[in-house]
Amino acid sequence: MADVTFTVDGKKLTAPAGMLLIDACRKAGIEIPAFCYYPGLSLQAACRMCVVRQEKVPKLQTACTTTVAEGQVFTTESPEIAQARKATIELLLGNHPLDCPVCDAGGECELQDMTFKYGAGESLYTEAKAHRDEQQWSPAVYYDRPRCILCYRCVRMCGEGMDVWALGVQNRGVVSVIAPNDVAADGQTGQLDCEQCGMCIDVCPVGALTSGSYRYKTRPWEMKHVSTVCTHCADGCKVTLGVRQVNDGSEIVRADNRDKSGINNDFLCAKGRFGFDFVESAERLSKPLVRNAAGNLEPATWEYALRVAGSKLKEIRDARGGSAIGVIGSNSTTNEENYLLQKFARTVLHTNNIDHERTADYAAFARALAGHKDKAASLRDIATAPAILLAGGDPTEEHPLLAWELRTNVRLNRARLYIANSKPIKLERQARAVQGLPPNGYKDLTAILDRGESDFAKAVMAEESLVMIFGQEFRGEGVEALVAWGLNRGNVRFAYLGDHSNSRGAADMGLFPALLPGYVPVSEPGAFAEYPDLPQTPGKSLGEMFLAAGNRELSALLVVGANPVAKPGVNPADLKNTFVIVQDIFLTETAALADVVLPAASLYEKSGTVTNTFGDVQLVKKAADRAGVKPDFEILVRLAGSMGVDVRALVPFGKGGVTADLGQSRGAQSGEADRHAVWLESNNLEPKFSPFDPLATLDEIARLVPGYQLDRINLFGGNDVRTEPGFVPVSALAVSTGDTVAPAHDTLFTSSTLGRYSTALNELQRHQAREMTESAAD
Amino acid sequence: MPRLVSHPDEVKVVSQRFGLGAANIDRYIELGGYAATKKCLEQGPEWIIEEMKASSLRGRGGAGFPTGLKWSFVPKQSAKPKYVLVNGDESEPGTCKDHLIFLHDPHAVIEGTIIAGLAIGAKTGFIYLRGEYRYLLEIMDKAVADAYDKGFLGRNIFGSDTEFQIITQSGAGAYEVGEESALMESLEGKRGIPRIKPPFPAVVGLYGGPTVINNAETIATVPHIIDMGGAAFAAIGSARNGGTRLFSISGHVQRPGVYELPMGYNLKKMIYEVGGGIRGGRKLKAVVPGGSSTPVLLPEEIENLGMDFDQVGKAGSMLGSGGVVVIDDQTCIVEFALRTISFYQHESCGWCIPCREGTDWLKKSLTRFHAGYGVAKDIDNIQYLAENMLGRTFCPLGDAAAMPTIGFVKKFRKEFEEHLNGKPCPFAKHVELAVV
């Protein structure tokens, strides 16, 4: 639309014709108050707070429904307008309980703020207020009708935003109430049969909808707010954690994203919003455990536990060589920790026996995209793409943010979504065309498209550009064939769906027996040749390590933030003769078998970066604190220290740290001093002071790992910065082993091992099971 | 069946077939029915709209928008189907005219709907009756079925190649759906809540198609205008207010009922001659001229008041739906205000804050006030509340509640003051005191 110029409060403003006045004003820094208006949701014009005066129009107009046109003149603040707003607030306060001193929203309530601004300080009424008892709709959602101002944000968020439609309006007039979809026999109370995302609570401008996990826990001003990344699925939502000081550290009391930062704007799912409580689980490890002579795990000091672990690792390495040691890394630790872990394995333990629980075949994805720059789709690309083909996966369950972005893109931008799947999925409701496939039929998808016979194929082939998002149904050659088809077709970008908060980071950081960070083969290490004594033959995969342990060929196993013993097909008895060290937050099935257990900090208790499944890198900030635990980064550095290693070779901290002798291969460069210091200087960076500072490793990642040369202003500013998987030279690629990929199949209320320790998620699972039983009975 | 009334001053146009058995289609044809539709089929849409404009017929629902002009706003070309919608959700207290039309002359509504459809190029018409008019729906349904049987409705109406279908629908009991866009929501099966305007129904209406929505009386007038000619119809009424109107005279008159009188007919005459004067020899205290939502008028304000949209507007009230409510001197105005606001409080859809909360607080305040628990500042508060609803609500229902309230307080402040400080209602013998 062409720009038009109009006048607001005497100021000339310019905005595209047809833009809503309230948006145009907000863009120009003129705040117009509104309860019912919510960007991205349908218009209501119900609260009448945004009234403004338009020249030559007899009545006050609502800014949320007035579109701007050339030459219009508006007044947004005047005694007349202030009086109108004050009168509206007076009416709202008439029945409002004014229980602000105990209300969750007290202190961050839009009704309070507007009362403060427009000053409806005196009550006009002497009659009793209308009252209704509070209702609990689910473990997550409570509704207090007297506080409700009926702005219908929750109704629209649930319906339009989430496509769940679990909320509606019951009755009319002054006895109108918001009602949940599963209405009880009395017609008055009810339960929510929904996705429990809590978005309704989030958008509520007052304290009418409150959260089961947060209500009556704190005053908003007692919290500090830390913006970090959710630890549950692979979408990487920004989450603002509300943290409060308690006796044994600082406690997370709330999770939301009200600052609307990051790729998810204000979106969070049930896991992100309520599933943070695992950090407070009573089963949380808070002391190192060492197996005693009687064969039992008993609490020990950090010094003792690290000494036991370090000396045993050193002994085995020196006696049997690195090939007798295995390392299993994590899908939920930071990039820096994963990078450090593989460097520790390769340069300290001298082994390539390193792997992680692979949930998607990112190695195959990297290989397929090798040499093709800008072909990976970030989540922002997906959010604005005009056409999207979703092959496999069920984002509504497994990638709630992706599902939100797809729905929103279809709803607001009229994007065209195409779905190919072997089962019906909820997103089909937004799809332009759907192609059913047999469970093993994903390999035929490209042939179906090429034949162009079905309406689905015709529509997809007619698209000028396409983002192809594919699930874990595609592995190994399946990934390569699909990507090759797309590259050949042209104007296609790709995204691949994995499972956990940093599965992509684990893969990108080289937790592979044959691949270094950036999918660089160990046999042709390139820049990684600076690693001292890097073993250049591929090591054992996760499954092979367990087999080797069973055959007494693996004497030690270090497991960081993983629970491989809980995986199907893994035999715990294999570890009988192996010295096992586990770093974890809980005594998992794997930790229970360990000889040394080191209590680790969760993602909410540390700093670093993570990479979501779309390759968007984001900053993780330490929010909570817990006595006794340490971040995996620190544990690894101290473990190396306890082995007598010069940790400067591991973490480039301080001055004059790393000297990389490249030996014969580089001739004249032999004995070159401190490549890291040279890099820091050329990038105008200072060396970090602490060996426990993950940023020192981030510097090294930026220096060595292809695709991770990240824009620091954006990264440290809390934005998502995209990385590329397609950076590896084609010649240097190893063969992938897609058969070791095992998707987690987490749902809306499960989060693998982590979710088991979340009371909130367990309650939601029970609630959902009850709702399903009831609806089956109906 | 309610008794029909009549008066020599009446000019029977719309009501000319009342009481003559015209609900029977053969009788209706015998009385000249369906000739207008045939004529329109021959003359075509432009001619119809010109006749309608010439008639200066203004919408009988209450707003008084010129009907011909409204029809001319509908775009000729439309990707979506166009619709004609008959608003038979007659719910304004004091108004009972459409009721008689459905009862006595359902085919006039059908004919008017077909003609409107021909004028705008619609193939479908909906006749929406208020929920409480279920027994009239049976009459309407029978009439529609008879019209189909005769071939007046269907794929080839009157043997032409023009299609027109009519679907009847009953409401579920909400005053709010008398508002045109709320009626469309209701018809589409949703909550009866008005839509944001623009777009207006002529552009985006029912199911997103261009829609003409008219009051049942307006529609029933159409065939008569076609029969007699627009200019002849206009000549009956006053300037810019063509024709006759069905006035529902109720309250404390000797002969209440629905009378068809020329637009501009003197209100005082309407009360004292047509309505037979105040019953029981009492005096006139006030009159509500156009249904309960219109501000009350005092006896001195109606001396020379002609009942058309412009004159009543000039007098500070509105002609509205033509529901004339006569109030005698034994009536407590505070109670009258309470009854009025109680209706709007009950009927407020609850969508917007000023109406939802405002009508409720007005009702609560007036209930307490009338019961003798009022204090001096209540009077100002009641006026303040109503004035702050006026013009601020999402739809006209808020205004409909605020306008009469303001009128009562302004014009009868003294009577409000007589209720103050624990004094019982001066008219207490009529009233059951509500206890707060």
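Which are the buried residues of H18(A)?

1. In this predicted model, the buried residues of H18(A) are Asp632(A), Phe633(A), Glu634(A), Ile635(A), Leu636(A), Val637(A), Arg638(A), Leu639(A) and Ala640(A). Helix H18 of chain A spans residues 632-642, and because 9 of its 11 residues are buried, the helix is largely enclosed by the rest of the structure. The elements against which these buried residues pack are helix H7 (302-320), helix H8 (335-348), strand E27 (556-560), strand E28 (579-584), strand E29 (596-599) and H20, which belong to chain A. After H18(A) comes Gly644(A), for which the model gives a positive phi near 80 degrees.

2. Helix H20 of chain A, one of the packing partners of H18(A), covers residues 694-704 and contains Asp699(A). The C-alpha atom of Glu686(A), which is 13 residues away from Asp699(A) along the chain, lies at a separation of 10.0 Å.

3. Between the C-alpha atoms of Ser607(A) and Thr301(A), which are 306 residues apart along the chain, the separation is 24 Å.

4. An open sheet of 4 strands in chain A has the order E13-E14-E15-E32, with antiparallel pairing. Strand E13 (224-229) and strand E32 (625-626) are the edge strands, each pairing on one side only. E13(A) runs antiparallel to strand E14 (residues 238-246) of chain A, and 6 bridges join the two; within this pairing, Lys224(A) has Val243(A) in E14(A) as its bridge partner.

5. Turning to chain A as a whole, the secondary structure comes to 23 helices and 33 strands. How does the radius of gyration of chain A agree with that of a compact globule, and what is its value? Chain A has a radius of gyration of 28 Å, and because a compact globule of 778 residues would have a value near 28 Å, the two agree. Along the principal axes, the C-alpha atoms fill a box of roughly 90 × 60 × 60 Å. Of the 778 residues, 54% count as buried, and among contacts between residues at least 6 apart in sequence, 69% join residues at least 24 apart.

6. The domain assignment divides chain A into domain 1 (3-77), domain 2 (92-211), domain 3 (289-357 + 503-646) and domain 4 (362-497 + 741-746). The C-alpha centres of domain 2 and domain 3 of chain A are 48 Å apart.

7. For confidence, the average pLDDT of chain A is 93, and 96% of its residues score at least 70. Over residues 662-670 of chain A, however, the pLDDT is below 50, and this stretch has 8 contacts in the model beyond near neighbours in sequence.

8. The contact between the two chains involves 25 residues of chain A and 24 residues of chain B. On the side of chain A that touches chain B, the largest share, 7 residues, comes from helix H2 (residues 79-95) of chain A. That side divides into 15 nonpolar, 6 polar and 4 charged residues.

9. Chain B is assigned domain 1 (25-236), domain 2 (244-328) and domain 3 (333-430). The centres of domain 1 and domain 2 of chain B, taken over C-alpha atoms, are separated by 27 Å, and their contact takes 14 residues from domain 1 and 19 residues from domain 2. On the domain 1 side of this contact, the residues divide into 4 nonpolar, 5 polar and 5 charged.

10. Strand E8 (residues 284-288) of chain B has 5 of its 5 residues buried, so the strand is largely enclosed by the rest of the structure. E8(B) pairs with strand E10 (residues 323-328) of chain B in the antiparallel sense over 4 bridges, and Val287(B) has Val326(B) in E10(B) as its bridge partner.

Methods. Residues numbered from 1 in each chain as written. Chains lettered and ligands numbered in written order. Predicted model: local features only at pLDDT ≥ 70, side-chain atom pairs only at ≥ 80, totals over all residues. pLDDT = per-residue confidence, 0-100. Contact = placed C-beta atoms within 7 Å. Domains from an automatic or database assignment. Nonpolar A, V, L, I, M, F, W, Y, C, P; charged D, E, K, R; others polar. Buried ≥ 20, exposed ≤ 12 C-beta atoms within 10 Å, placed from the backbone. Pairing = 2+ DSSP bridges. Rg over C-alpha atoms; globule rule 2.2 N^0.38 Å.
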